[in-house]
Amino acid sequence: MSKEIKIGTRESQLALWQANKVKDLLEAQGYTAVLVPIKSEGDIDLVTPLYEIGVQGIFTKSLDIALLNGKIDIAVHSLKDVPTQLPTGIIQGAVLERGPVKDLLVYKTDTAFLEQPDYIANIATSSVRRKAQWLHKFPLHQLHNLRGNVNTRLQKLANENWDGAIFAAAGLERINVRPATSVELDWMLPAPAQGAVVSVCRENDDYCRQALEALNDIPTALCTRIERDFLRALMGGCTTPISAHATIKDGKVHFNGELCSLNGDKLLKTAAISPLETAAEIGNNAAKTILQNGGDEIVAQIKNAR
């Protein structure tokens with residue numbers, strides 16, 4: 001006998017888009033589903049920088065609690081926000097087909113300042129990774145904290161005397177708010193699992209596990225797992241300047257990973273190609289390569305800075 005599946009989601013426009021996507025996919029499989037909006041800590045405190053709050057799990061904890069308490073049956077997240085270690089009793093049910101993975105610069109007037117070495121631009125982002133990568137390329141620029149949902153951040157950019165702000169392409173494009181004054185940052189490697197949506201459920205809920213199984217996109221699940229393995233093996237948290245991107249082409253996994261110091265003065269890169277049959281350890285092996293080539297010192301510096 002079928003039951004109504006309660007889908008937990010944050011209340012932002014982007015989060016609701018993601019949850020509705022899961023809802024539509026479930027209903028296409030013949031299931032009945034309803035959204036249950038829940039406010040997260042990350043949505044309540046929009047002032048404190050994420051690295052001071054302890055960003056790991058800040059956007060997922062409230063939903064995890066509601067899931068374990070039975071208030072909801074599944075929770076939908078941006079996979080890049082999910083800690084690499086899920087709470088006991090919660091499992092990954094489905095990773096949807098991946099969307100855009102790039103970062104964007106939304107600029108105020110033009111991008112001419114990017115070609116002016118002596119110009120001190122003011123750039124906004126709340127991401128430790130984006131700050132570090134930007135400072136590595138533009139060490140003179142000033143970085144500013146920018147919190148809130150996508151629409152709030154776009155409005156703040158419009159109100160502030162900044163040259164631009166950095167956003168994930170997926171977030172802007174999914175809710176159709178990408179400004180014409182934006183450009184893809186092809187040189188900026190994304191966060192592990194950027195552009196991917198995940199749905200989690202209780203480990204002992206066979207009904208929801210089966211319902212989500214049909215939604216799982218196997219190539220996306222494999223690539224994001226490799227990227228998150230890389231993240232976990234290095235430091236394991238979202239508040240770190242770690243980037244990773246895996247793709248599948250011609251039966252092989254192509255992987256690129258980076259670890260950057262907080263101030264951007266050091267950047268370590270690694271790349272690997274592996275047949276699908278032996279790709280499971282590519283993320284862990286790439287992390288070992290980084291650590292053996294000076295990454296252990298950067299990791300220690302980041303931990304001491306905390």
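Begin by selecting Phe113, which is buried at a relative accessible area of 5%, where buried means under 20% relative accessible area, exposed means over 50% and partly exposed lies in between, with a 1.4 Å probe and protein chains only. Before going further, note that this is a predicted model, in which local features need pLDDT of at least 70 and side-chain atom pairs count only at pLDDT 80 or more, while totals for chains, interfaces and linings use all residues. Residues are numbered from 1 along each chain as its sequence is written, and side-chain values use heavy atoms, with hydrogens and water left out.

The structure holds 6 aromatic pairs, a pair being two rings of Phe, Tyr or Trp (its six-membered ring) whose centres lie within 6.5 Å, called stacked if the planes are under 30 degrees apart, edge-to-face if over 60 and tilted for the rest. The ring centres of Phe113 and Tyr119 are 6.1 Å apart and their planes stand at 45°, so this pair is tilted.

Next, select Trp134 and Phe138, whose ring centres are 4.8 Å apart with planes at 40°, so that pair is tilted. Trp134 is buried at 0% relative accessible area, and Phe138 counts as buried at 13%. Then show Lys137, which lies over the face of Trp187 at 5.2 Å from the ring centre; a charge sits over a ring if NZ of Lys or CZ of Arg is within 6 Å of the ring centre and within 35 degrees of the ring normal.

For the next stop, select Ile226, Phe230, Leu234, Ile242, Val253, Phe255 and Leu259, which touch the most other members among the 22 residues of the largest nonpolar core. Such a core is a set of buried Ala, Val, Leu, Ile, Met, Phe, Trp, Tyr and Cys residues joined through side-chain atoms within 4.5 Å. The elements that give two or more residues to this core are H9, strand S11 (242-249), strand S12 (252-260) and helix H10 (282-305), and H10 provides the largest share, 7 residues. Helices (H or I, at least four residues) and strands (E, at least two) are DSSP runs, numbered from the N terminus.
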